Amino acid sequence: MNPEILNRCLKLIEEVYDESMYGENDIYRIKDLIHSVDKNHWKSKQWLVDEFYKLYNHDNGSFYIGGGWYGLLSYLIRNAWPNESLNITSGDIDSRCEEFGWKLFHKSDINFVTEDMVSSDLTEYSAIISTSCEHIEPEILEKFIKSKRKDAWVVLQSNNFYELDSHINCFPNEKAFANWVKPFLDEKIYYSGTLNLGDFDRFMVIGK
Amino acid sequence: MNVIFVKWGTKYSSDDVNALYNNLIEYNSEYSYHCYTDDPTNLNENINIIDIPSYPILKKWWNKLRMFSSEFPVRGKCIFFDIDTVIKNDPFKVLDHIDFNKLTILDCPWKSDDVYNRATNYDVRIASGVITWTAGNHTEMWESFMANKDYYLRKYKGIDRYIAHEGYSYNTFPHTYIQSYKYQKEIDYEPAIMTYEEVDFESRNIK
């Protein structure tokens with residue numbers, strides 16, 4: 001992990017603890033923050049950036065990250081596309097993600113917004129991305145994919161880690177995930193892959 | 001009075017629901033019995049089926065929270081029982097002393113260890129094995145949950161912790177209403193129900 005990000009994360013953890021003493025008592029945020037930058041998340045999001053970078057083949061455009069959490073994916077995307085002509089919007093329904101995202105990644109020119117991933121106009125984006133598909137109801141995910149511009153990319157990740165209560169949309173394997181995504185695309189799947197993360201696999205589909 | 005069961009997945013069967021229903025109608029067969037379920041196959045025909053909708057997808061006990069949705073198709077006074085509840089004595093006698101304007105939930109006096117009070121633990125001294133309320137009240141519990149569902153699913157292990165730590169107020173049943181199979185081997189009162197929290201229901205001959 002980048003030492004600067006680690007340092008900001010630690011400062012934020014201190015803030016959450018202090019806040020729990022005098023204001024909003026939500027110290028679970030500490031665990032949630034730590035989870036959001038753990039090794040597996042870093043690895044799976046970097047995998048997305050590496051594969052999508054090869055396919056996207058442009059310096060400009062605008063990416064929308066649905067269910068962007070505290071912004072790690074947006075930060076890694078910005079590292080790969082440092083050019084200002086590539087706009088990055090990270091949306092999450094949890095308002096604290098916007099607040100913490102700014103604090104963690106304020107130097108990365110990311111537009112953090114609090115909103116449902118299907119509530120805004122997605123036709124302005126050249127790519128819509130979500131690595132949180134295992135947390136998202138199929139009908140919401142379908143709406144998300146169908147809301148994109150016809151020529152826009154869609155990049156999605158899910159997994160086969162069924163055990164968690166919050167994992168309500170897992171898939172048994174890469175093929176099952178790709179087969180589910182395919183009917184909602186305007187063109188085709190350009191990439192699908194599997195990343196083994198020890199106890200479970202993460203699947204990725206990139207298409208148009 | 002509405003008597004409600006929630007059956008999701010395969011941990012409990014329709015036979016388990018029917019067994020509880022048969023126990024309960026010994027004490028009152030006039031009440032309306034409902035089962036909120038994703039699979040009504042083989043449920044007793046006298047139990048009204050309320051289908052679990054396809055949206056939102058909730059696992060396990062989280063489905064119990066939807067009883068507090070304004071769209072839940074039940075009106076009036078309600079009592080909910082977990083399926084792994086065993087009826088020992090009349091469980092409805094207590095209802096004369098219940099304030100149905102409030103949420104009433106089981107107290108767990110056996111949870112006496114200090115660990116339950118630790119802020120980091122998000123544990124509780126209550127249990128939602130039996131709940132009473134009036135339908136249409138407490139809808140804010142469902143609405144707030146839905147506004148940030150994924151975070152709450154990560155934060156809390158179940159609805160008891162969600163209710164207690166999100167600051168919703170509740171009354172509790174008298175201690176003598178309940179006996180814990182796991183924690184209260186010997187008691188000096190006649191409980192209405194026995195609960196089996198964290199005990200493998202299928203391994204017990206309790207039907």
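**Helix packing, domains and chain contact in a predicted model**

In helix 1 of chain A, the residues A:C9, A:L12, A:I13, A:V16 and A:Y17 make contact with A:R29, A:I30 and A:L33, which belong to helix 2 of chain A. The residues of this contact comprise 7 nonpolar and 1 charged, with no polar residue among them. The model described here is a predicted one. Two packed helices are described by the angle between their axes and the distance between the axes. For helix 1 (residues 3-22) and helix 2 (residues 28-36) of chain A, the axes come within 9 Å and cross at roughly 165°. Because angles over 145 degrees count as roughly antiparallel, helix 1 of chain A and helix 2 of chain A are described as roughly antiparallel to each other. The crossing in which helix 1 of chain A passes helix 2 of chain A is right-handed.

Helix 1 of chain A also packs against helix 5 of chain A, at an angle of about 140° and with the two axes 9 Å apart. This angle makes helix 1 of chain A oblique to helix 5 of chain A. On the side of helix 1 of chain A, the residues that take part are A:I5, A:R8, A:C9 and A:L12, and they meet A:F100, A:K103 and A:L104 of helix 5 of chain A. By class, this contact between helix 1 and helix 5 of chain A has 5 nonpolar and 2 charged residues, and no polar ones. Within helix 5 (residues 95-105) of chain A, the residues A:C97, A:E98, A:F100, A:G101, A:L104 and A:F105 are buried. These buried residues of helix 5 of chain A pack against helix 1, helix 2 and helix 4 (72-80), and also against strand 2 (86-92) and strand 3 (110-114) of chain A.

At the level of domains, chain A is divided into domain 1, which spans 1-37, and domain 2, which spans 38-207. The centres of domain 1 and domain 2 of chain A, taken over C-alpha atoms, are separated by 23 Å. The contact between them takes 11 residues from domain 1 of chain A and 10 residues from domain 2 of chain A. On the side of domain 1 of chain A that touches domain 2 of chain A, helix 1 and helix 2 of chain A each supply at least two residues, and helix 2 of chain A gives the most, with 5 residues. That side of domain 1 of chain A divides by class into 7 nonpolar, 2 polar and 2 charged residues.

The contact between the two chains takes 11 residues from chain A and 15 residues from chain B. On the side of chain A that touches chain B, the residues fall into 4 nonpolar, 2 polar and 5 charged.

Several features of the backbone were found in loops. In chain A, A:N57 has a phi near 60°, a positive value in a residue other than glycine, and A:N57 is placed in the loop between helix 3 (39-56) and strand 1 (61-66) of chain A. With 6 other C-beta atoms within 10 Å, A:N57 is exposed. In chain B, B:K60 likewise has a positive phi, of about 45°, although B:K60 is not a glycine. B:K60 is partly exposed, with 13 other C-beta atoms within 10 Å, and lies in the loop between strand 3 and strand 4 of chain B. The loop between strand 3 (48-51) and strand 4 (77-81) of chain B also holds B:P56, and B:P56 is joined to B:Y55 by a cis peptide bond with an omega of about -5°.

Notes. Residues are numbered from 1 along each chain as its sequence is written. Chains are lettered from A and ligands numbered from 1 in the order in which they are written. This is a predicted model: local features need pLDDT of at least 70, side-chain atom pairs count only at pLDDT 80 or more; totals for chains, interfaces and linings use all residues. Axes are lines fitted to C-alpha atoms, for helices over the stretch in contact, and angles run from 0 to 180 degrees between N-to-C directions. Helices (H or I, at least four residues) and strands (E, at least two) are DSSP runs, numbered from the N terminus. Angles under 35 degrees count as roughly parallel, over 145 as roughly antiparallel, 65 to 115 as roughly perpendicular and the rest as oblique. A crossing is left-handed if the near helix is turned anticlockwise from the far one by less than a right angle, and right-handed if clockwise. Two residues are in contact if their C-beta atoms, placed from the backbone, lie within 7 Å. Ala, Val, Leu, Ile, Met, Phe, Trp, Tyr, Cys and Pro count as nonpolar, Asp, Glu, Lys and Arg as charged, and the others, Gly among them, as polar. A residue is buried if 20 or more other C-beta atoms lie within 10 Å of its own, exposed if 12 or fewer, and partly exposed in between; C-beta atoms are placed from the backbone. Domain bounds come from an automatic or database domain assignment.
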